[in-house]
Every structure is written in structure tokens, then in C-alpha cells.
Amino acid sequence: MKNQLLETNNTGAFGDDKLNRKFLAENLKRILLNTDYSVFSINAPWGGGKSYFIENLAELIGDEAICISYNAWESDFYNNPLVPLVTEIMYKFEQVISKKDEIYSDLIDIKKIVKSIFDKTSFSIGINGFGITYDPNKPTIESDYIALKNLKEKLRSGLGFIQEKLNKNIIIFVDDLDRCNPKYAIETLETIKHFFGIKNIIFVLAVDKKQVENIVKTIYGIAPETSDIEGYLKKFIDVEFNLPAPDYKEFIDFHMQAINEISKIFIEEYRYYVYRAIINNTQMSFTEYQSLLCDTICKLVAALDFTPRIIEKLFMRTKLTIESLEDYDYLLLDVIFILNALYISDKNAFDLYVNAVPYNANLDKIGTKVDNIFPYWTGVLSNFNTIMSKYNSSDTMRLISKETNVVNLSNFSQNFKYYYPYRTHYKLDEYLKAYSSKIEFIGSMD
């Protein structure tokens, strides 16, 4: 299933932008078309929308530059990162330079230079050396080192000449570098440093900076508390841009549309539970509830530090959970979102929440965050009867002010009995205890 966040549609660059990042791209576009720097990084955590951003940035730039896409992760099975990288550049040149163009012969010459470089490099820059040899019986000027050095300068000169004749900046977008095996990721950075650094040929790296730092630590053993990692990366990256944490409201509103659509059958058949407003003891309409739930989900994903990609996973799992419900099932949207969010975050947190004891819940850090947002569901799944017995046997007014969910749960119980009179053997407490298994079933599909 293709990730919705990464999809583009026919409405143009950022036409389906739910994170409101187009204005950032427009600013970066102006910089990339007028910069003297060679390497930029776009930093965001895994799932933070980096791929979507650079894909649409390239579309936004359009014909104002020569834009080249290179996915490093898809190419890290090569021993030499120069091979796929330069091949992508040559492929793009062949698309924009025809055989009738004056510089076509220059392109052929560059391709010959590239072949000669490939023949001379086994290629582990910065780690195990170039893999070239030195023959003491030959004049030094004929050594492989001098030959490779001259070829590298010819390549840089040739690429610069092509760029100048095309009269457009060449922008190479490198994605998924942080997903590569550590050795290949470092070699890619070294390749960009040693073989490029050419005026108006610009690299844009979409990376999770923390992950790249971990790669550097893995390869070179740099201690995390030192500043050496930052200094090392500055050798390769001239300018860093950090994608800001987005406002998820519109993004979540968009995904809630699909949830609302598949919820219709439950609404029409009254097989759903809407949490009631305790202040006036009146039932919310489902429309009001949808708006409230959307706002609450925004708080939930913010509290759990969910990235856009994880939010999409949450909605995908929620949709699958609803689709798996049977004819006798009740739609408990709050519960479905809560349990799926916990399952994604930490299975142990999920288990603790499912088995929580009300009023003195044994929750971990993640469960506590959820409890702060959805306090009325904590302990209900495994201890519904305990909650209701307290309500039925104690001072009602005191409990209403202290534990506001008891009245709502009492209404839920009445609704359940009213719409399921023919299933008297199926008790609500048993039903709630089994509800988590619906989410665990979806979890088995991950």
C-alpha cells in the first residue's frame, strides 16, 4: 500500500500538502537557484515527510533547474557509490541533451572519463582506501594515483562545462541516505566531497541527522558526548535546513474523512458509543463528536511524538480495525485510536493499559500520556464492573464530581443492553475485555 503522505497528485507541486510546508519549499527554491554553496541537508526524523518534501520541491523547481533524484538506499548494494550516482546524472543529461546539440560530443567524452574512473576504483573512500596500486617500476607520473587524480579533475571540469552550457543549476536530490548500511552512507558523503564540489552543481540530502550521527559513531567510534561528529559532518554539508514540526490539524482532518466514511454503517444502526458531555448530561451529536475526536487525536499524536508517517500508520490500523468489526460489534472510536496508538508505540504499554486497574492504574510513561488525554477510558476494559459497582453503591453526586466517566459508562451500559437485548448472554464487561483482541489481530499484520 503506497504511503499517502508520499503521494503526489495532478494538482501540481504540494497540491496535496497537508503539513503546510509549501512556503518553506518556495523559500528554499529561491536559495537553490541562486546559491554558491554545494551541499544542503533537509533534516527531519524518520517518517517526518522528507521524501514528500524533496519530491515536491523538485516539482516546484520544474524546468528552472536540472533536477535529478537519487535514492541512496536503493543503490547501496553497489560496492562503489560513484557508479549509481554518476549514472543517474548521465541518464538525466541524455534526457536533456539531444544528439543534435553542440555539447553532445562533450557528453560522450565525459561518459568515457566516467568509465575510466570506474575501472580504476574498487572504492572505499575514507575507510579502506581507493583500492588503487603503486608500481615502483613505473614512473610516478604513470601511477594509478596520478591517473585517477587527473581523471577526477577531467570529470569535474566536464560536468562544470555541461552545466555552464545548459545555463541551469544542476540539483541532485539524495534521499534515504540515513537508511543505507553505515559504510555505504559514509562512502556516499565522501564521493560527493571528492568528486564534486562544482559550481552550480548542488546536492540536497534528505536525512535524519541523528541517524547519520549514529552512522558516524558506528564507523569511526566517535563518542556521542564529543563535538567531533558535528565537525565531521560539516566537512560534507554546507547548509542545514530543519523541517519544523508541523501543525497536524489539517493532516488529521484529511485522514478522518476515511474513518468517518467507514463508520457510517455503525451510526445508521446505532452501533456506536459517543462519550456524553457530563456538564449538561446531554448526548453529543456524532458531528460534534467527530470534531472533538479530531482535536483529541491531535493532542494524542503530539504527546506521543508521532511523525506524519506514524500518524498514517495509526489511521491505517484504525481503518483496518473498523473494517474487521462484525455485525454484532460496537464502534468505540476512542478505544480503537487509543489501543492502536499504544500498540504502535510499545506493546508493553499496550498490555499495561489493557489490564489497568481503575483509579490507581499501573501505567508506564506512554500509558500515562494517553491517560492524560483520554482519562475516562483508563481501567474500563478490564474493570468495567468494578467501576460500575462503585457508582451503584456509593454517593452518586460525590462520584460525579470526582470520577466523571461513571455516568457516561452507565449510559453506555444502558445503550448496549437496549440494542442487544437478544444477546443477554453476552455481557458488556466480557465484551470490553475482548475488545483489545481486535487491535492485537491488526497488530499481527504488521
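Guide: One term before we start: a helix axis here is a line fitted to C-alpha atoms over the stretch in contact, and angles run from 0 to 180 degrees between N-to-C directions. Also, keep in mind that this is a predicted model.

Visitor: Fine. At what angle do α6 and α7 cross?
Guide: Roughly 105°, with the axes of α6 (residues 182–195) and α7 (residues 209–220) coming within 9 Å. Angles of 65 to 115 degrees count as roughly perpendicular, so that's what α6 and α7 are to each other.

Visitor: Which residues make that contact?
Guide: P182, K183, A185, I186 and E190 from α6, and I215, V216, T218, I219 and Y220 from α7. By type, the contact has seven nonpolar residues, one polar and two charged.

Visitor: Switching to strands. What does β3 pair with?
Guide: β2 is joined to β3 by six bridges, running parallel, and five bridges link β3 to β4 (residues 201–207), also parallel. F173 sits opposite V204 in β4. From β3 the chain goes through α6 to β4, a right-handed β-α-β crossover.

Visitor: And how many β3 residues are buried?
Guide: Six of six, across residues 170–175. I170, I172 and V174 are on one side, with I171, F173 and D175 on the other.

Visitor: What about Y70, buried or exposed?
Guide: Buried: under 20% relative accessible area is the cut-off, and Y70 is at 2%. Y70 belongs to β2 (residues 66–71), and its contacts include I172, F173, V174 and Y184.

Visitor: How many residues apart in sequence are Y70 and F173?
Guide: 103, yet their C-alpha atoms are 6.0 Å apart in space.

Methods:
Residues are numbered from 1 along each chain as its sequence is written. This is a predicted model: local features need pLDDT of at least 70, side-chain atom pairs count only at pLDDT 80 or more; totals for chains, interfaces and linings use all residues. Side-chain values use heavy atoms; hydrogens and water are left out. Helices (H or I, at least four residues) and strands (E, at least two) are DSSP runs, numbered from the N terminus. Buried means under 20% relative accessible area, exposed over 50%, partly exposed in between (1.4 Å probe, protein chains only). Contact means heavy atoms within 4.5 Å. Angles under 35 degrees count as roughly parallel, over 145 as roughly antiparallel, 65 to 115 as roughly perpendicular and the rest as oblique. Ala, Val, Leu, Ile, Met, Phe, Trp, Tyr, Cys and Pro count as nonpolar, Asp, Glu, Lys and Arg as charged, and the others, Gly among them, as polar. Two strands pair if DSSP finds at least two bridges between them. A crossover is right-handed if, with the strands pointing away from the viewer, the path from the first strand over the helix to the second runs clockwise. Lists of a residue's contacts leave out its neighbours within four places in sequence.
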